[in-house]
Amino acid sequence: MSRKEGQILVKLIHKQTGSTTYDLIKDLKSGWKAFWSNNTARLFDINLKTPYDPYNVSEDFVIEGILYK
């Protein structure tokens with residue numbers, strides 16, 4: 001999986017669940033695991049706390065357009 005695909009996956013998880021990937025890991029595992037998962041993801045330019053907001057972020061708007069096709 002490429003970095004960009006990972007970033008998109010994190011946003012799509014937020015779109016489907018309504019919670020960020022960080023919050024899901026925190027709820028299902030622990031805050032400590034979520035902290036280290038986010039730090040590891042940041043090594044690959046991925047932020048697990050990134051929300052999906054197609055109205056304010058142009059990249060998310062493009063993703064939304066692709067999903068509707």
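1. Helix H1 (3-17) and helix H3 (31-42) are among the elements that cover the buried residues of H2. Keep in mind that this is a predicted model.

2. Which residues of H2 are buried? In this helix, residues 21-28, they are Thr21, Tyr22 and Ile25. Viewed down the axis of H2, the buried residues fall within an arc of 105 degrees, so they line one face of the helix.

3. Tyr22 has a further feature. Lys49 lies over the face of its ring, 4.5 Å from the ring centre.

4. Now the aromatic rings. How many aromatic pairs does a search of the whole structure find? The count is three. In one of them, Trp32 and Phe35 have ring centres 5.9 Å apart and planes at 25 degrees; planes under 30 degrees apart count as stacked, so this pair is stacked. Both residues belong to helix H3, three residues apart, about one turn of the helix.

5. Trp32 also pairs with Trp36. This pair is edge-to-face, with 5.7 Å from centre to centre and 80 degrees between the planes. Trp32 and Trp36 are four residues apart in helix H3, so about one helical turn separates them. An α-helix has 3.6 residues a turn, so residues three or four places apart point the same way.

6. Taken together, ring pairs join Trp32, Phe35 and Trp36 into a cluster. Are these residues buried or exposed? Trp32 is exposed, because its relative accessible area is 59% and the cut-off is over 50%. Phe35 is partly exposed at 36% relative accessibility. Trp36 is partly exposed as well, at 43%.

Methods
Residues numbered from 1 in each chain as written. Predicted model: local features only at pLDDT ≥ 70, side-chain atom pairs only at ≥ 80, totals over all residues. Heavy atoms only, no water. Buried < 20%, exposed > 50% of the residue type's maximum accessible area, 1.4 Å probe, protein only. Helix = DSSP H or I, 4+ residues; strand = E, 2+ residues; numbered from the N terminus. Arc of directions from axis to C-beta. Contact = heavy atoms within 4.5 Å. Phe/Tyr/Trp six-rings, centres within 6.5 Å; stacked < 30°, edge-to-face > 60°. Lys NZ or Arg CZ within 6 Å of the ring centre and 35° of its normal.
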